[in-house]
Each structure stands twice: as C-alpha cells, then as structure tokens.
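Hi,

Here is the structure I promised to pass on to you. Have it open while you read, and my notes on it follow below.

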Amino acid sequence: ALKTYLQSTYPEKISHMCSYSSQQLLVHHPTTQEPTVVGILKGIDPDEEMQVTQLHTKFSLPAKQVISSLQGANVFIGKGLAETLEREEGDKITLLYNADPHAKPTDIRFSSLQATVKGLISTGIADYDNTLVIAHQSFVKEMLEDDSTNEMGIKLTCRTDATALSKELN
C-alpha cells in the first residue's frame, strides 16, 4: 500500500522502488553446533533491487546469475560469515529463525531449515559481510508465513532534492 501510494503521489520524483523483508536469525554450519552466528536475513526481489541499489555489484556472481540463483532455499552470504562458518559456494548452512515474528520475547519459537550458499557478498562493510544472508523475498515470505515487508528502498530521479522530499514526507 505504501509503495503504491508513493509511486502514485510522487511519480516525477521517484524513479524506482523495492521492498525488503529483514529479520534477525541464527546461522550455523549444518554438521556442528559451533560456531553459531547472529545474522540478518534480507529478502529481496533481485530485479527490483538492481533498479534501486548497487548491491548486485557486490555479489560473487554476475547480476544475471544472481537473479536466476536466488530461487527456493538458495542464499548469498557475507564473505566474513562464510569464513566464520567455513562455508563456500555450494555448501549448506542452517538457518534458525523466529517462526512468529510477532511473538513476545518470552514466547519465541525457533524453526530451522537448510539453505544452499549460491554465492558470497563482499561489501567492504564488516557489519554486512559478517552477518548478511540474502534470499529471494518470496522465499522469506514463505518461510515466515506472512508478508513480512518491513523496509523500502527508493531511488529518486536525478532532479529530486532528497532533503526537500524527506521533509515533505515527514
């Protein structure tokens, strides 16, 4: 609803938009309990993502292969996370996530699934490279069993004053 509203209200100011689903999770090597790493799962639509950010330039595969690789339980992980888990392209990882993102902290119930590492991400930012797990947004929605969109990426047209639009939106 927000995406539609912004696109219809500001068509001359917004070039492209994409929505994301992000959630914390635990990531670990599937054959051992150590190490377990707190990570960030980010569900993206690769086609939309490429219109808004330069994230696709940080993957270990060309952009067209990223789009075809992000199907089902296939993920890209940060280079530092891969090193910590001693994982590389083609290996499995286990994702532990809160099955009910709306649960109170005392009621959290974890679910797990295995995913295949299809490639690595190297952004040069340690916080991302050590924690990021990228999956297709449809997979994240299916995994969490709801429309868990909680972030929006916006690319403005070249003539748009970002500060003025931000003030207008506030």
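First, a definition: helices (H or I, at least four residues) and strands (E, at least two) are DSSP runs, numbered from the N terminus. Please keep in mind that this is a predicted model, where local features need pLDDT of at least 70, side-chain atom pairs count only at pLDDT 80 or more, and totals for chains, interfaces and linings use all residues. Residues are numbered from 1 along each chain as its sequence is written, and side-chain values use heavy atoms, with hydrogens and water left out.

**The whole chain**

The protein chain has 7 helices and 7 strands. Reading from the N terminus, the order is α-β-β-α-α-β-α-β-β-α-β-α-β-α. Along its principal axes, the C-alpha trace spans about 50 × 40 × 25 Å.

How does the radius of gyration agree with that of a compact globule, and what is it? For 170 residues, such a globule would come out near 15 Å, and the protein chain has 17 Å, which agrees. (The radius is taken over C-alpha atoms, and the globule rule is 2.2 Å times the number of residues to the power 0.38.)

Of the 170 residues, 41% count as buried. Buried means under 20% relative accessible area, exposed means over 50%, and partly exposed is in between, with a 1.4 Å probe and protein chains only. The accessible surface of the protein chain is about 9500 Å², and 49% of that belongs to carbon and sulfur atoms. (These areas come from the Shrake-Rupley method with a 1.4 Å probe; for residues, only the protein chains shown count as cover.)

Now for contacts, meaning heavy atoms within 4.5 Å. If you take those between residues at least 6 apart in sequence, 70% join residues at least 24 apart.

On charges, there are 15 positive and 22 negative side chains, and the centres of the two sets lie 5 Å apart. Lys and Arg count as positive and Asp and Glu as negative, while His and the chain ends are not counted. The place of a charge is taken as NZ of Lys, CZ of Arg, CG of Asp or CD of Glu.

Have a look at Met 17, which is found in strand 1 (residues 14–28). Is Met 17 buried or exposed? Met 17 counts as buried because its relative accessible area is 4%. Leaving out residues up to four places away in sequence, Met 17 touches Lys 3, Leu 6, Gln 7, Glu 48, Val 52, Met 152, Gly 153 and Ile 154. One of these, Glu 48, is 31 residues from Met 17 along the chain, with 7.0 Å between the C-alpha atoms.

His 16 is in strand 1 too, but His 16 is partly exposed, at a relative accessible area of 30%. With residues up to four places away set aside, His 16 touches Gln 51, Val 52, Gly 153, Ile 154 and Lys 155.

**An aromatic pair**

Rings of Phe, Tyr and Trp (its six-membered ring) pair if their centres lie within 6.5 Å; planes under 30 degrees apart count as stacked, over 60 as edge-to-face and the rest as tilted. By this rule the count is 1 aromatic pair. Phe 59 and Phe 76 form it edge-to-face, 4.7 Å centre to centre and with 75° between the planes. The pair links distant parts of the chain, 17 residues apart: Phe 59 is in the loop between helix 2 (46–52) and helix 3 (63–69), and Phe 76 is in strand 3 (residues 74–78). Phe 59 is buried at 9% relative accessibility, and Phe 76 is buried at 0%.

**The loop between helix 4 and strand 4**

Glu 86 lies in this loop. Its phi is near 55°, a positive value in a residue other than glycine, and Glu 86 counts as exposed at 66% relative accessibility.

Arg 87 is placed in the loop as well, yet Arg 87 is buried, at 16%. Apart from neighbours within four places in sequence, Arg 87 is in contact with His 29, Pro 30, Ala 82, Lys 92 and Ile 93.

Glu 88 is in the loop between helix 4 (79–85) and strand 4 (92–98), and Glu 88 is exposed at 53%.

**And one more histidine**

His 136 sits in strand 6 (residues 132–136) and is buried at 17% relative accessibility. Not counting residues up to four places away, His 136 touches Gly 43, Ile 44, Asp 45, Pro 46 and Leu 70.

Cheers
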